[in-house]
Amino acid sequence: MMKREAMTKEVLTQTRPPTVLVVDDNDGLVRLIQKALEREGFSAVAADSGKEAIQWLARNRAELMLLDLKLPDIEGKALVDHLAQIRRAVPFIVITGQGNERVAVDMMKSGALDYLVKDVDFIEFVPTVVRRALEQLEKDRRLAAAQAALEQSQKQVLTISEREQRRFGAELHDGLGQQLTAIELMCQALRADLGASRAELGTQVDQICRFLREAIGQTRALARGLSPVHLGSNGLAEALGELALRTTEIGCLKCLFDSSSPVVVEDNLVAGHLFRIAQEAVNNAVKHAQASEIVLRLSRSSNSLRLEISDNGRGLPGSPKRDQGMGLQVMQHRASVIGAELEMRSKPGKGVTVTCSLPARKR
């Protein structure tokens, strides 16, 4: 414990000392708090009212605030709420008198990091509690930064993956697809040259042409799968319509796309992730739901873009199969990358509804 405290003091001396704002109307107690904190390497500033605290925070920054709940001009909770409204919120520790611990616990539910009771050992505990709170804040900051970096890395990986898939799709369509089409045309010309005199050979050429047409169809389907969303604001709607059509053509169920009005999605990366979410939800419904109908809906309001995929199947099992669970995780991950919220609702025997909502500012 002593080694940890020594390391903390060393860090404090190497950087700007953390500033602690002490908000309390007891001048004598405030002076004792200031001295105790300054001995431990902190910078302590005092305010004897809520008004003074607001004025100081309007011009300065504090890493932590020690807040007495009973100030002469404002209640402690009201001060915290006001600071949040004016975007001057500060992490805080509650100072309370003996017998008011329940109020302090309630304040912790409202965001307080800890609380101190004004008893005989109060001054002794102040530096320890302050240091512990600041260390926790630093851990939270580093964790948030690491999480943000991880999400950014994941987004970059998915972006590169989507870009490469589009490139492969374009090469399949423009390269291999065009070559196969040219070979088919050559076979058709050869068939015409053979005429009726070489009927047996003509039959074999017809079979080659049929195989080539099937290969061309498969190549185009692969190209659409690798690059389903075309550049342009209406690309997502077109891709969802094609997904519904292809799913229906399989023959085991009916898939419909419902979009009552044009929905513009300018960001092609966002459109690509939304399409992949829809594709995964449709695949899950086809493989696992035993549904007879799937409906895709794309809509927008003044504050959000909404993609919904619903089926009339048997609903989610209590313990999803491994491949099904992976599909759900992939959808959740894609939604988080673009800043969307993914919700899944299911009732046994009444199907599954997957909803992805994207705030207006992110689409």
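Colleague: How far is the sulfur of Cys 209 from the closest cysteine sulfur, and in which residue does that sulfur sit?

Modeller: Keep in mind that this is a predicted model. A disulfide needs two cysteine sulfurs within 2.5 Å. The sulfur of Cys 209 is too far from its closest cysteine sulfur for a bond: the gap is 4.5 Å, and the residue is Cys 187.

Colleague: Okay, so how many disulfides does the count come to?

Modeller: A disulfide is a covalent bond between the sulfur atoms of two cysteines. Cys 187 is in no disulfide, with its nearest cysteine sulfur, in Cys 209, 4.5 Å away. By the 2.5 Å cut-off, the count comes to zero.

Colleague: Is Cys 209 buried or exposed? And what about Cys 187, buried or exposed?

Modeller: The cut-off for buried is under 20% relative accessible area. Cys 209 has 4%, and Cys 187 has 12%. Because both values fall under that cut-off, Cys 209 is buried and Cys 187 is buried.

Colleague: On to the charges. How many salt bridges does a search of the whole structure find?

Modeller: For this we look for a side-chain nitrogen of Lys or Arg within 4 Å of a carboxyl oxygen of Asp or Glu. Searching the whole structure that way gives a total of 16.

Colleague: Asp 81 forms a salt bridge with Lys 77. Which helix holds them, and how many residues apart are they?

Modeller: Their closest N and O atoms are 3.3 Å apart. Asp 81 is partly exposed at 33%, and Lys 77 is partly exposed at 39%. They're separated by about one helical turn because they sit in helix H4 (residues 76–85), and the spacing is four residues.

Colleague: What is the N to O distance between Glu 242 and Arg 246?

Modeller: These two both lie in helix H8 (residues 235–250), about one turn apart. Glu 242 is partly exposed at 27%, and Arg 246 is partly exposed at 22%. Their side chains meet in a salt bridge, with an N to O distance of 3.9 Å.

Colleague: Last one: which residues are joined into one network with Glu 308 by salt bridges that share partners?

Modeller: Glu 308 is buried at 14%, while Arg 306 is partly exposed at 31%. The two form a salt bridge, their closest N and O atoms being 3.2 Å apart. Through shared partners, the network joins Glu 308 with Asp 258, Arg 297 and Arg 306.

Key:
Residues are numbered from 1 along each chain as its sequence is written. This is a predicted model: local features need pLDDT of at least 70, side-chain atom pairs count only at pLDDT 80 or more; totals for chains, interfaces and linings use all residues. Side-chain values use heavy atoms; hydrogens and water are left out. Buried means under 20% relative accessible area, exposed over 50%, partly exposed in between (1.4 Å probe, protein chains only).
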